[in-house]
Amino acid sequence: MNSIPDLRVILIDDNEIDLLLHERLITLQQISRTVLSFVNANKALEFLSSNISLPRIPPTVILLDIQMPEMDGFEFLQAFDAYPAKIKSQCHIIMVSSSLDYGDITRTNANPLVIKLLRKPLLIKDLKETVEGIFKDFL
Amino acid sequence: MKESRIRILYIDDEIHNLNAFKASFRRSYEIYTATSAQEGKQLLKEIMVHIIIADQKMPVSTGVEFFNEIKDTLPDPMRILLTGYTDVDDIIDAINKGHIFSYIKKPWDEHELHKTINNAYEIYHTRRQLKEKITELEKTNDELNRFIYSTSHDLRSPLMSVLGIINLSRLDNSVVDPNGYVDMVESCVLKLDDFIQKIIEYYRNSRLEVEYEKIDFNSLLNDCITAFKPQNTQIRFHTQVEQMIDFRGDTFRISVILNNLISNAVKYQKPDEAEPMVNLAVKVEPHKATISIRDNGIGILSEHLNNIFKMFFRSKNNNKPGSGIGLYIVKEALSKIGGTINVESKYGEGTQFEITIPNRNEFDT
């Protein structure tokens with residue numbers, strides 16, 4: 001997975017243990033050298049908007065939880081949809097949730113910004129396949 | 001709980017009738033009077049009455065017309081019509097248009113009128129209690145709804161973290177565990193998660209509207225087999241689907257039924273069986289589908305066969321106790337979609353479930 005050297009992963013999850021788990025998985029499997037964790041979706045949005053002024057935005061994979069206080073995954077998607085194409089085209093969003101709620105699942109699958117919904121516990125095989133799927137056209 | 005006094009509005013264009021009424025009844029009831037339908041309506045805006053008595057023959061609008069006018073805005077008060085004429089058309093009109101509780105002839109018999117008023121109030125009171133109970137029930141149902149939803153997430157989320165930690169510990173080999181404790185933790189967590197999922201299934205079955213759509217049994221069975229195969233790779237699955245015509249049914253419930261039955265067939269295998277197998281057969285006919293799930297597993301004791309569909313019943317003669325809710329969900333889901341189930345089993349030889357589900361095709365209305 002070293003084919004995209006500047007790939008970064010942004011984790012958004014209110015559960016700190018899951019953040020740690022996902023971070024460890026990504027580093028262990030060397031999916032990316034840069035992992036940025038946010039317990040709050042708002043903070044992640046702030047970070048992304050600070051990126052808009054960068055001359056070049058690195059390819060980014062966002063692992064987004066659904067159920068979160070303050071701003072949930074769907075609200076994040078709605079807000080992020082208003083961001084400029086320059087940053088949106090570089091960000092690939094994977095939803096990660098333990099939800100079995102039918103509504104959550106259909107809403108996620110219907111959202112054009114979401115590449116895939118992965119179930120918790122996040123399996124390294126699923127994550128690798130999904131990330132490889134995203135970047136296969138870029139290689 | 002008889003709250004305060006019965007409140008009555010009496011409308012009559014003849015003042016001396018109003019006075020006579022007040023004189024005879026004011027000790028028993030709280031009485032309001034009006035000399036016209038117009039005045040009556042005005043009064044009803046201010047005061048909530050339990051019973052409305054109206055004279056039929058009044059100028060401008062008759063008693064029936066008045067009742068008919070207010071029945072949508074004020075459906076609750078009981079209506080009694082008073083009239084001096086015994087006009088059958090009036091009575092029919094009153095009952096059909098004005099939702100009249102009772103019809104009293106003038107001059108009224110005091111005892112009869114008392115009885116009618118009390119009967120009317122009893123109905124009023126019962127209806128109101130019923131309404132309150134319904135509101136209460138709806139609220140409880142709604143709360144249950146939200147409770148199950150948050151339970152499904154709040155209970156599962158930490159469980160999934162535990163599984164994630166276990167996966168990670170295997171991946172980085174950071175835990176020394178010669179006794180296999182981590183595996184035990186994992187199997188407990190999976191069991192608990194299974195139970196949570198069953199509760200959610202039960203709940204969705206009881207709440208969700210039945211929805212009919214086209215079902216392809218071949219792909220439905222394949223999905224099930226793909227999901228269960230990893231649990232016991234020894235098992236050989238045989239499927240035989242005879243589906244020459246379309247089948248329409250409730251996808252969610254049918255897959256819940258199949259998943260639970262196939263899961264049992266996979267789970268309750270004999271440990272020493274050389275050729276464990278699960279046979280699935282589907283036959284679709286214009287009016288129904290018949291599905292049979294047969295295994296050569298441990299079977300069910302004949303004395304337990306009558307109990308297996310009861311909630312939380314668990315057969316004690318096996319080493320793999322389940323949650324005792326799976327077959328109960330199967331039965332509940334079948335009753336929602338009008339299906340039936342039969343079971344045949346020989347202890348030590350295997351079990352066969354046969355279910356039939358009505359085919360909700362277009363021509364079936």
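This is a predicted model: local features need pLDDT of at least 70, side-chain atom pairs count only at pLDDT 80 or more; totals for chains, interfaces and linings use all residues.
1. Residues are numbered from 1 along each chain as its sequence is written, while chains are lettered from A and ligands numbered from 1 in the order in which they are written.

2. Have a look at α8(B), residues 251–267, and α9(B), residues 326–337: their axes come within 9 Å and cross at roughly 150°. Axes here are lines fitted to C-alpha atoms over the stretch in contact, with angles from 0 to 180 degrees between N-to-C directions. Helices are DSSP runs of H or I, at least four residues, numbered from the N terminus. The crossing angle makes α8(B) roughly antiparallel to α9(B) (the label for angles over 145 degrees).

3. Who meets whom? Among the residues of α8(B) are B:I257 and B:L261, and those of α9(B) include B:V330 and B:A333. Contact means C-beta atoms, placed from the backbone, within 7 Å.

4. Now the largest nonpolar core, with 33 residues; B:I257, B:L261 and B:V330 are among those touching the most other members. Such a core is a set of buried Ala, Val, Leu, Ile, Met, Phe, Trp, Tyr and Cys residues joined through C-beta atoms within 7 Å, buried meaning 20 or more other C-beta atoms within 10 Å of a residue's own. α8(B) gives the most to this core, eight residues.

Definitions and conventions
Helices (H or I, at least four residues) and strands (E, at least two) are DSSP runs, numbered from the N terminus. Angles under 35 degrees count as roughly parallel, over 145 as roughly antiparallel, 65 to 115 as roughly perpendicular and the rest as oblique. Two residues are in contact if their C-beta atoms, placed from the backbone, lie within 7 Å. A residue is buried if 20 or more other C-beta atoms lie within 10 Å of its own, exposed if 12 or fewer, and partly exposed in between; C-beta atoms are placed from the backbone.
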